[in-house]
Amino acid sequence: MAGNPNIRDFNLAELEQQAGLMGIAKFRAAQLADWIHKKGVTSFNEMTNLPKEIRDKLAAHFSVGGLALLDRKISRDGEAEKYLLQLADGQAVECVLMQYRYGVSACLSTQVGCRMGCKICASGLEGLVRNLTPGEMLDQIHAMQRESGKRVGGVVLMGSGEPLDNYSATVKFLELVNAPYGLNIGHRHITLSTSGIVPRIYDLMKLQLSITLAVSLHAPNNNLRNQLVPVNKSYPLEKLLPACRSYAETTGRRVSFEYSLLGNINDSREQARELGKVLAGIHCHINLIPANPVPERGIARSSIDKIRTFQKTLEDLGYPVTVRRELGLDIDAACGQLRRRALMRGDTGGVFVGAGRQPGKNY
C-alpha cells in the first residue's frame, strides 16, 4: 500500500513493539527481521514461515521498501558497478559496488542531492531534495547484492549527501547494518565521510563506534577550503581539526583525511607542507584522491608527477599516505554524475546491463 512506512526502518525491538500493537506473537518479530534485514526480501509474500494472515496484516500497515533499477553501469575492468535506483516517491539515488582483493564494498548515498555545495562534487548541483531513511540506505545494499550476486562485506557512506546532515537516520542505519539479525557487517568495516559538521562529529564520538571517520579536507587552509568546501565558513579548521583530534583520542580510531588533488589548485609541494603542518598531532591517515573530472564544476585532475610529489612530501613529514585506487572512472563514478545525466536527459532510463532486467522492476 503506497505511503505505508518502510518496515526496513525498524530494528528488532521496534518490530517486537509493532507486533504487540498488532496482536502478533513477539517471536514473529525475529522471523520478520531475518527476512527484511538479512535476506532483503521486497514482498511480504516471500516470508514463507509467517502465516498468510500475518503477512496480510503487515502488508496493510507497512511496505517492504525495495528500489527500482533505473541504470547499471559496469566498468571495463569489472571492478566497479554503479547503480541508479528509484525510490518509492520517484526520486533517484546512486550507489556503487566496488571489488577489492579483500572483498566487496558498497558506497552508499544518505540523501537525495546535497546542500553542502562542495565544488569538487556533482551531488549538490541541484541542491538537497530530501534525506534518506535508514531502510532506504539498506535497500541500496540489498538491490546491489540481488543484481550482482555478490555479498557486501564493507560499507562506505561516501555517496551523494552528507551523512552527518542526516544524523539520526545515519546512526540508525549503522545500528541496522551491524545487527546480528541483519547484514552483520562489523563497524570496523564501515567508513563514514563528512565535509566537517563539527557538532555532529562530537555527537558521533560519544557513541564510541569503531567506524572510520573520513573527513573531506581538500585544502590546507581556510581561504582555499572556504572556496572548495563551503561548510568551512561555519566550521573552519580551528574548529574542525580539534574535533578530529578528539575523535581519534576518544575512539582510538585514526581519522582519514580525504584530499582530492585538483590541478594547479591544491596540489603544490608548498601546500603539501602546509597540510602536514596543520595536521600535526592528530592520529590520522591521509588519503590522496586523483579527482574525478566534473565538467560542471570545472574540475581537472592533477598530473601524475604532482600527485607523487605531494605524496612523498607528506611521507617525508612522517604521515601514512595512500593514493586512492581509481575505480569506475569510465562509468561516471564521481558522486552525483549518473543521477545528473538522467536528470539532464529528462528521463528515468539509461543503458541497462544484465539479462532480463527491466526498468521499473524492484530488486
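# A chat about loops, helices and rings

Student: Where is Q208 in this model?

Tutor: Q208 sits in the loop between α6 (198–206) and β9 (212–216), and please keep in mind that this is a predicted model.

Student: What is the phi of Q208 like?

Tutor: Although Q208 is not a glycine, its phi is positive, at about 55°. Most residues other than glycine have a negative phi.

Student: How accessible are N184 and Q208?

Tutor: N184 is partly exposed, with a relative accessible area of 48%, and Q208 is likewise partly exposed, at 46%.

Student: Switching to helices, at what angle do α2 and α4 pack?

Tutor: Helix α2 (residues 28–39) packs against helix α4 (residues 134–148) at about 70°, with the axes 9 Å apart, and the two are therefore roughly perpendicular to each other.

Student: Which residues make that contact?

Tutor: From α2 there are I36, H37, K38 and K39, and from α4 there are L138, H142 and R146; by type they divide into two nonpolar, two polar and three charged.

Student: What does K39 lie over?

Tutor: K39 lies over the face of W35, at 4.9 Å from the ring centre.

Student: And how many aromatic pairs are there?

Tutor: There are three aromatic pairs, including Y100 with Y102, whose ring centres are 5.2 Å apart and whose planes meet at 5°, so this pair is stacked.

Student: Is Y100 buried or exposed, and what about Y102?

Tutor: Y100 is buried, with a relative accessible area of 19%, whereas Y102 counts as exposed at 59%.

Methods. Residues numbered from 1 in each chain as written. Predicted model: local features only at pLDDT ≥ 70, side-chain atom pairs only at ≥ 80, totals over all residues. Heavy atoms only, no water. Axes fitted to C-alpha atoms, helices over the stretch in contact; angles between N-to-C directions. Helix = DSSP H or I, 4+ residues; strand = E, 2+ residues; numbered from the N terminus. Parallel < 35°, antiparallel > 145°, perpendicular 65-115°, else oblique. Contact = heavy atoms within 4.5 Å. Nonpolar A, V, L, I, M, F, W, Y, C, P; charged D, E, K, R; others polar. Phe/Tyr/Trp six-rings, centres within 6.5 Å; stacked < 30°, edge-to-face > 60°. Buried < 20%, exposed > 50% of the residue type's maximum accessible area, 1.4 Å probe, protein only. Lys NZ or Arg CZ within 6 Å of the ring centre and 35° of its normal.
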